[in-house]
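Open the model in your viewer and keep the sequence panel beside it. The stops below go from single residues to the whole chain.

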Amino acid sequence: MSNIHALQKIFPAGFDNGYGSLKLFVDGFEVIRIPSYISTAEMEDVPGRIVLDGAAYTVGESAFRTGYHFDRNTDHNENKIKNALLMLFGGLAHLPHRKAWHLKLVVSLHDIGLAKDLKQALNGEYQPILAGKKSDVTLEIIKVVPEGMGALFGHQLPPKLTVLDFGNGTTLYSRYNQGKREVHTPYPAGVEVLIEDIAEKMKRLNGGKIGNTSQIRFCLERGHTKYSRDIDIKDIYTNCLKDWYEKFLKKPVSLTLDAKHQGDEIWAIGGGCLLPGFKKLLEKNGFKILDNPVEANACGLLEMAKAMINKNL
């Protein structure tokens, strides 16, 4: 690696291409967290706008703002691999422009069996146009780690630990003993299921139309239930949250509480922790909610990348 041009700085980075949102954390910059949406509609050179191999895309909130159809990671399991490169560039297109990026990344993935596919999808040298400006981008994946591992990196782990990760597409139940993971069970019902239920039940408030899932998501992520100026979904949200919990979360939460009974500390991460009123419920049950539960994984991935690069210097 010694022949790198002196002006070209290598940036360690962490990348979490989630079903609900992508988190890209490049050393020295703010963490980028945007919805995992891709649109091919015509648009200005907004943040998240990319041109790659002659095709143009918009990634993130702007994809939703076009008002046209957009694809979501959460729509298909294979999107985490298939859309990975576009998502990563979409994240970069939210950062200040640089003529050249050389990223050394640690990336997280649900199904670690697909690590090789993910590396193939990302590794390489590219010349995308990011938010209207050309960049030379070199991507080097230095490690693929299981989803949620980043969140634990750098924490002093208790001898026995159970972690619930409330994600958009899945709820992950993991158990650790002396820092080694023993159990890792994904439950295929994340926050998305709750949001779709709310959208369906909103018809009577919304002139008979199903609610817009992205709009519901944005208001809940901001910690309130005002869907629009005229529509508050508080009651529907409260009922749907109970249903969601009863139908989908009771099992992983019960398993976690059993683990607590056996002497495990129980931690919670993921965007679901921040749903209005849900955090209180978790804390009442003895969960420790990690600081910044949404970005905790990406922050840890960046720290891992830094540690690995320093070790090899």
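In which strand is serine 39 found? Select serine 39: it is in strand S4, residues 37-39. Helices (H or I, at least four residues) and strands (E, at least two) are DSSP runs, numbered from the N terminus.

Two notes on the source before going on. This is a predicted model, in which local features need pLDDT of at least 70 and side-chain atom pairs count only at pLDDT 80 or more, while totals for chains, interfaces and linings use all residues. Residues are numbered from 1 along each chain as its sequence is written, and side-chain values use heavy atoms, with hydrogens and water left out.

**Stop 1: serine 39**

Stay on serine 39 and show its surroundings. Serine 39 counts as buried, at 1% relative accessibility. Buried means under 20% relative accessible area, exposed over 50%, and partly exposed in between (1.4 Å probe, protein chains only). Now display the side chain: it reaches the backbone nitrogen of alanine 41 at 3.0 Å. That is a polar contact, a pair of N or O atoms within 3.5 Å; within protein, one must be able to donate a hydrogen and the other to accept it, and residues adjacent in sequence count only if both atoms are side-chain atoms. Leaving out residues up to four places away in sequence, serine 39 touches Ala56, Tyr57, Thr58, Ala63, Thr66, His69 and Phe70. Contact means heavy atoms within 4.5 Å.

**Stop 2: isoleucine 34**

Next select isoleucine 34, in strand S3 (residues 32-35). Isoleucine 34 is buried, with a relative accessible area of 8%. Not counting residues up to four places away in sequence, its contacts include Ser21, Leu22, Val59 and His94.

**Stop 3: leucine 95**

Move to leucine 95, in the loop between helix H3 (84-92) and strand S8 (100-109). Is leucine 95 buried or exposed? Leucine 95 is buried, at 11% relative accessible area. Beyond residues up to four places away in sequence, leucine 95 touches Val26, Phe29, Glu30, Ile32 and Trp101.

**Stop 4: two loops with positive phi**

Most residues other than glycine have a negative phi. Select aspartate 53, in the loop between strand S5 (49-52) and strand S6 (55-59). Its phi is near 50°, a positive value in a residue other than glycine. Aspartate 53 is exposed, with a relative accessible area of 75%. Then go to alanine 131, in the loop between strand S10 (129-130) and strand S11 (133-134). The phi of alanine 131 is also positive, near 50°, and the residue counts as partly exposed at 25% relative accessibility.

**Last stop: the whole chain**

Clear the selection and show the cartoon. The protein chain has 10 helices and 17 strands. Turn the model along its principal axes, where the C-alpha trace spans about 60 × 55 × 30 Å. Colour by accessibility: buried residues make up 51% of the 313 residues. Among contacts with a separation of 6 or more, 64% are between residues 24 or more positions apart.
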